[in-house]
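Subject: Structure handover

Hello,

I am passing on the structure we spoke about.

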Amino acid sequence: MPAPLVDENSLIFCFSTNYFVVRMDGLWRKHIDLFLLISHVIPLIFFAFLFIFPLSLLLSSSFLYYGKPSLYWFSSIFSDTYFVNFNPRTGYLFDVYGDTMYIWGLDYGIILNTLIVALTTMILSTVMGLISAFILARYDFPGKNLFRVLLYTPMLATPFVNAYVLGKLFHPTSGLINYIFYDLLHILPYRIDLNGLVGISIAQSLSYFPIVYLNFQASLLNIDPSLEEQAENLGAKGFSLFRRVTFPLALPGLTAGMIITFIFSMEDLSAPIGFIGYSGNPLAKKVMSYYIFQSFSEAMRGVITPETSALSVILLSISIIGFILIKRYVSLKTYASLSRGGRWNPRVRRISGFKLLIVYVFLVVLVLVGSMPQVGTVILASTDWVLGGVTPKSFSLEYFYRLLHPSVSRAISNSVIYSSIAVLIAVLIGASSAYCVARFKGFLASILDILSTIPIAIPGIVLAVGYFMFFTSFFRWTLLDPLIDPAPLLILAYSFRRLPFAARSIFAGLQQVHVSLEEAAMNLGANRFQTLFRIVLPLILMNIFGGAILTFVYCMSESSTSVTLGALRWDRGPITFYINQVVYGSIVVGAASVGAALCVLLMTIQILAIIISNYVLKQRFAIYGF
Amino acid sequence: MENISIDIIIVRARILIALFMSYRLNFCFGKYLYLITDLTFNKSGDCNLNGSIKYPYILFVVIALAVAIGGYLVWLSFQPPPPSPGTPGPGGGGQPTQPKQITLVVISRHGLDILGKVETAFLSSSIARKYNITAIQWLTPAAHLWVSTINARGDIDVAWGGGPVLFDTLFSEGLLKPLNGSVLNVVNKLPDTISGSPAKRFDSNGNVVWVGAAISSFGFTINKDYLKTYNLPEPDEWIDLGNETYGLTLPKTSVGVANAVTSTSNTRMYEIIIQCYGWVDGWKIITLIGANAEIYDQSEAVRESVISKRIGVGLTIDFYGYTAQIQAPGAAYYVLPKDGTIVNADPIALLKTSKNVEAAQAFIEWVLSPEGQKIWLDPNINRMPINVEVFNTPEGKMRQDLYLQYNLTLKAATIEFSDELASSYEQALIWFFDSTIVKPQAELRSAWIKLIQAKINNKISQEEFRELVDILTNPTKLTFIDPLTNEPTTFTMEYAQKINPHMKNVDFRTNICSIWRNAAIARYQQVASALGG
């Protein structure tokens, strides 16, 4: 009996000190399996110290009222129209004053606003991501590979400069868009002030749709080609083939992308801060993430108000509930395939004429609009745009020369080192927990599942403050004490915050590898390590690399903990800390342009990471665009 | 000591990696693990590498290499930095290394540009060579982390920049050490007060505990182009900014301020307005400014918006104004309000935790000397020096524009400003501002727009307008239930002083903030509905 085969019917559930109790043949048996133990325990320890302990320390105050356990803060939040309000009192939606049309959204209270924004963002980015993935998968046309690459641009991060660029683009009187379409071309009847909640949602959709696109595409690529072939044999083709076979098979990936977008939108700070940064808009302040952020960054005091803690708990709960609900739905619809012999072979059609025109117009507009912040950053860095005018007037490399400073290279090498180590940790922990989740399905595994996804739902500033409090009080004078050296803690913070990219990506891969492949290997005498390294790993290698690249890219651009913890020691600051220092901490003429030049550098590093991985994986995976 | 333990860890990790890789190369890794892990399986020794699947092994090698390289880089980064990186070695390099090289540890709120310039200039100065200071480690935590950082590290020598309030906090926490020795030669030449504000703080024995290293005034920066475009007058007093003239362009805003919660400089300006006009009128002006203005998080954002002509006037500290003048020449001007302002000193101080007291004081001496004060005259920094002698140096003679501003600053219409009075209600002020102006700004502003429209269209008389403004903004007409006594009360100065110490209690603060917020929303809506709709 080749026993501890693992699938949903026979397994593991409790675990005491050094063995798992395994249910086999209707009996409970003790079974020592080092692998099971390691793959459960290491991630659990990781999460305990980087998530559960620091956050409990921080958020426990939400359940206390004048020192006594109480739910007072929750009831006060839900009964306050500032947080939940079904009759909007203020806000502008297509209201015209003077020569300007104000599109800010209506104020339903902070909690409802957040949900509405997240929902809108999710729908908008799903539509955009789905259409672009469908077009690129289904049609063949000149320049296709170029668009495939260009669709990644919105994901390149431009931290802190964002606000500046948004202002340069969107401002009703001094923004480029209104200048072109109102002052110059007279296309618009009014100046448009796109701001507040509507502005946030649109900015978020434009930067998150590649996540949906990427996820959907990745699952398309993992579909067993024989299923489509069978469908074709039975007469399905064209859109009905897509709708009835391909799409449902790729649904888990799509849903994962949608969840991530929804949670991202709730957690996101860069869009609200961007709009507030250039316009101080009162409605842009009315989302949960900003409210929490602002309360955490209060001057002169290290205390977090219980109301903020309670709001953080609510934010976390909403994302956990949403996540669990959709996870249930996704796991109901999991389609693992036995055959992984071939790659998905899309039914590509060449198009021309009118259809081609529509495709081009759609993609060009999408890429242009989606990558506005990135293009704007490049313009800001390479011209005199920062000095007043609506349009840039002269080209200049001056701001790039200002980067030739030893402290810049130090910040970059810090960032690269931190991110590389963090990626390794994230991939190891992520793979280990994803494997537990996909294969062992025990109670601990489902906890791991939640824990490995939850980091994206936690505002970085909350984590940063939690880490500071926890590690300075309980890890004083150790390597992890940020006051001595913030680097090790920053690495751990990166790996925790960006873990979901690795974990979800690997999990999505595992979900589509049928467990019987592993069972077969084990039946033939392989042990679990051999099975893992020779059967599972090769099958999910692309997912691992995809996850690792995403993790790296997002580690490089991590800002909340970088800025808070990085400031504790000047020579340990990563690049985002440096950008923040340049943009906000200095009063140099053209500071925003120097920040933009740094962002261009950051984007270059991110693009390089993608290109290198593309090169490394060329022989097998180049065609898929990574 | 840390470095040794890290070395051991790294060496061990390297041995492990080497072992691990040799196992892989010998193809016995599988067998080895097999023995310790899986007791129930049949033994199969067949682990051969020649099969078709090579990727896992490659992956392994890549990961192992990455770990090794990463580990090495980490190890490198834990090494002490080479002496004075990026600058020519003290004494022209090539000198034999001297026995006691000192690295100064300085905690600062100054930005990157200032610190970078100071590091280069100071390390190549003769005073640094004399005390053998070869490097400076800058720590730049947020202001609220200063006390814990100083206590926790226990080796910080100097604190520099962040405003007098922060330094008075450090002083009251007992973290400052009185200056002594040759630094006093420079310190004694500096004025004790500047335009009525203290430029030094003395302890009970009359010793100097902090001394201003720069001075700054508070006012606002205007953009003349913007004001001309929208036919707005040029303001020259605080009270102008709350005038309905600047509300005519709403919802497009012409004024910009920063939140009291996040900007210490703007908090100071609100305190100035209150001490200038008294509690009730001061708050009325502040509330109307809040209705007129975009409220940004950071004062830097206010400056950027003035420079890029998004607003016509914004509250700024003086050197932001001077920088704006350079960035938007001909349009941006810094204005010292005629109805009164104050001049502040930005301190530098020796910390009790200093391990190199002599060297630390040498640094302070350099910062206060004409040589060190030149940093402020950099066209990217534009701050007012404390030591006027710097204007006699060649560099100082180049910045006659700043010397002009310096003299204007000394002549500014300063008010009698009481720091004690300001700090007796500061916390209450900050949170009242946040709860009644920032949080319900949308409601405040829509009532204000209606009020302005009603006045323009002659729907209400001047008298009615004034009455409604009073209802909208008067702090003593905002009735709420005091959580301490459960009785109806209003926001008088006495009440603010009474609750000021309680604001430290987060439960109390959260409660009263939501009470204020809801009371404010109610009265804004009351005014709005009084005007119909």
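This is a predicted model: local features need pLDDT of at least 70, side-chain atom pairs count only at pLDDT 80 or more; totals for chains, interfaces and linings use all residues.

Domains of chain A

Where the two meet, 40 residues of domain 1 of chain A are in contact with 39 residues of domain 2 of chain A. On the domain 1 side, the elements that give two or more residues to this contact are helix 5 (161–170), helix 7 (196–221), helix 9 (238–267), helix 11 (288–296) and helix 12 (306–332) of chain A. Helix 9 of chain A gives the most, with seven residues. Sorted by class, the side of domain 1 of chain A that touches domain 2 of chain A has 26 nonpolar, 10 polar and four charged residues.

A sheet in chain A

Chain A also has an open sheet of three strands, in the order 5-6-8, with mixed pairing. Its edge strands are strand 5 (91–97) and strand 8 (191–194) of chain A, each of which pairs on one side only. On average, neighbouring strands of this sheet are turned by 15 degrees against each other, direction ignored. Strand 6 of chain A, residues 100–106, pairs with strand 8 of chain A in the parallel sense over four bridges. Within that pairing, A:Met101 stands opposite A:Ile192 in strand 8 of chain A. Helix 7 of chain A, already named at the domain contact, lies across strand 6 and strand 8 of chain A and runs at about 80 degrees to strand 6 of chain A.

Strand 11 of chain B

Is strand 11 of chain B mostly covered or mostly open? This strand, residues 313–317, is mostly covered, and five of its five residues are buried. In a regular strand, side chains alternate between the two faces of the sheet. Here both faces are covered: B:Val313, B:Leu315 and B:Ile317 are buried on one side, and B:Gly314 and B:Thr316 are buried on the other.

Strand 11 of chain B has these partners. Strand 8 of chain B (residues 208–223) runs antiparallel to strand 11 of chain B and is joined to it by five bridges; there, B:Thr221 stands opposite B:Gly314. Strand 9 of chain B (residues 255–258) runs parallel to strand 11 of chain B, with two bridges between them. In this pairing, B:Val255 has B:Val313 as its bridge partner.

Regards

Note on methods
Residues are numbered from 1 along each chain as its sequence is written. Chains are lettered from A and ligands numbered from 1 in the order in which they are written. Two residues are in contact if their C-beta atoms, placed from the backbone, lie within 7 Å. Ala, Val, Leu, Ile, Met, Phe, Trp, Tyr, Cys and Pro count as nonpolar, Asp, Glu, Lys and Arg as charged, and the others, Gly among them, as polar. A residue is buried if 20 or more other C-beta atoms lie within 10 Å of its own, exposed if 12 or fewer, and partly exposed in between; C-beta atoms are placed from the backbone. Two strands pair if DSSP finds at least two bridges between them. Axes are lines fitted to C-alpha atoms, for helices over the stretch in contact, and angles run from 0 to 180 degrees between N-to-C directions.
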